[in-house]
Amino acid sequence: MTHQSAEILRKIVQAVAGNVKKQDFLTYFKKLSLLSNEGGELVFGVVSSFARDNLAHKFKKEIESAVAAVLPEVESIDFVVDSEIDNPSNAAVIDCLKEYKELTTSKKKEEEAAVAKEEEEMGGINVRMMNEKYRLENFIVGPSNQLAYAAADAVSRRPGSAYNPLYIYGDVGLGKTHLLQGIGNTIKARFKDKKVIYTTADRFLTDYVNSIKKRTVDKMREKYRNIDVLVIDDVQFLAKKERTQEELYNIFNLMHESGRQIVLSGDRPPKELTEIEPRLKSRFEWGIIVDVGAPDFETRLAILQEKARAREFILPQEVAEFIAYNANSNVREIEGILNQIIAEYELHGKPPTIENVSSRFQKLGVTNDALGQRGQARKIARSYDELLDAVSTHFGIEKKMLIGEDRRKENMIPRQVAMYLLKNKMHFTYERIGNIFSGRNHSAILYSCRKLEAVLKKDQNLYYEVNVIRDKLGL
Ligand code: ADP
Ligand code: MG
């Protein structure tokens, strides 16, 4: 095979990579060779019959359209196991994984070039700091962040005239930076001529100190004079830096007077920023102050699903629920767990199951900083097995009776309690609970849970016992 056919194959593989999900591409496209191209038929060589069946059935359309784009004269394609595919002297073999990596790096390079160009136009201000992936559209709104989102949305529609400044505060990992950059990105997209700067207080400080050293303070001021929107993240880092605070105070006044938008974030409300000069603090309070709080279960679940979707990773519903339930409220940690699950899948082929994820949580329980994040008290994952153990021990019955079919009351009630806790406190799906309990169907579980709820309303003793079990498990 010639060098030319390797080139053709590479183009086809690149086109396919753009057509299929990343996860599928990495799983099913290992190596491809080009065996022949004659009479309108193109024959690919693949590594195994498994690969052949998958490509021929699952991805035929995608491959065909990629082929059509590169070789319009081809009318049909076929796949054959190629015994020579691992032979290093075979020139027309494409390592799809390598191709995929190259494709993504070249995309990155293009993006970087675009950023560099923009930076130049902005007189060297750190445009680079804003990340495209933080957008208002992919920010999940729930009760904990509804107000902050509404304010961010209003500001991005009418910069300078909705709320000025907008000050968002909350604990770490709850979405402040996402909202701030989302505002910046949205304004940039909506108002092409508006100049937006996103910076952190830390970075602002460094820029200022450097400009003092280099005697270019005037130049720095000049830059800020010309912008329309100033976004400063984590203003608590200005604590005790009086001169930097003064500089910001001046910039703030200048911008505010001329109706230009300022957006700020901090880890606490302005009045609690004890080491920031009162006059600057009072400026922070001029507009609107909103907080972001810890997301509830439903919001955590929706965030997790959105993050998985953005990574094109298929996360089974029950696994997503399990993570959302067990993770604490810091969204960055939830993302960290997702990243690890994806890595384990991509590197070791370990599929995302409750069992695999659960062992990850157990590990987290012992090494608090396993994800490299700031440790906070976190719940240790509870597998359903642990719950079954606790319920059967509490009622003094065997586990096999608990999950079995026996309809005597002494077994039925504990069984319903276990189902009820799995559904209402551990957020398992009815299907999954059915699988645990000898393959019962969805509606049987639903019925049992409803039944128990009704009983609990009347039976004080049982209600008490359920609470004892919950206490034991921390549910
Ligand atoms: P903070 O700045 O408050 O410490 P970040 O904005 O950096 O937190 O959020 C941490 C991570 O969690 C980011 O990747 C962000 O995209 C994600 N995140 C937080 N809240 C949400 C949300 N409501 N919707 C989507 N992603 C979120
Ligand atoms: Mg932040």
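This is a predicted model: local features need pLDDT of at least 70, side-chain atom pairs count only at pLDDT 80 or more; totals for chains, interfaces and linings use all residues.
Modeller: Residues are numbered from 1 along each chain as its sequence is written, chains are lettered from A and ligands numbered from 1 in the order in which they are written, and side-chain values use heavy atoms, with hydrogens and water left out.

Biologist: Fine. Why is F252 called buried?

Modeller: Buried means under 20% relative accessible area, exposed means over 50%, and partly exposed is what lies in between (1.4 Å probe, protein chains only). F252 has 2%, so it goes down as buried. You'll find F252 in helix α10 (residues 242–257); helices here are DSSP runs of H or I with at least four residues, strands are E runs of at least two, and both are numbered from the N terminus.

Biologist: And what is F252 in contact with?

Modeller: Contact means heavy atoms within 4.5 Å. Leaving aside neighbours within four places in sequence, F252 is in contact with P165, I262, L264, R283, F284 and W286.

Biologist: What makes R10 and E99 a salt bridge?

Modeller: Side chains of opposite charge can pair when their charged atoms come close. The rule asks for a side-chain nitrogen of Lys or Arg within 4 Å of a carboxyl oxygen of Asp or Glu. For R10 and E99 the closest N and O atoms are 3.2 Å apart, so the pair passes. R10 sits in helix α1 (residues 3–19) and E99 in helix α5, so this bridge ties together parts that are 89 residues apart in sequence.

Biologist: Are those two partners buried or exposed, or something in between?

Modeller: A bit of each: R10, at 28%, is partly exposed, while E99, at 5%, is buried.

Biologist: How many salt bridges does the rule give?

Modeller: The count comes to 22. Take D153 and R157, which meet at 3.1 Å, N to O. They are four residues apart in helix α6 (residues 146–157), about one helical turn. D153 has 18%, so it counts as buried, and R157, at 47%, is partly exposed. Salt bridges that share partners also join E7, R10 and E99 into one network.

Biologist: How do you know that E64 and K60 belong on that list?

Modeller: Their N to O distance is 4.0 Å, and the pair is listed as a salt bridge. Both lie in helix α4 (residues 60–70), four residues apart. E64 is partly exposed at 33%, and so is K60 at 31%.

Biologist: Which residues make the negative patch?

Modeller: E110, E111, E112 and E132 gather there, on the surface. E110 belongs to helix α5 (residues 96–121) and is exposed, because its relative accessible area is 60%.

Methods:
Patches are made of residues with over 30% relative accessible area and no salt bridge: like charges are joined within 9 Å, nonpolar side chains (Val, Leu, Ile, Met, Phe, Trp, Tyr) within 5 Å. Accessible areas come from the Shrake-Rupley method with a 1.4 Å probe; for residues, only the protein chains shown count as cover. Lys and Arg count as positive and Asp and Glu as negative; His and the chain ends are not counted. The place of a charge is taken as NZ of Lys, CZ of Arg, CG of Asp or CD of Glu.
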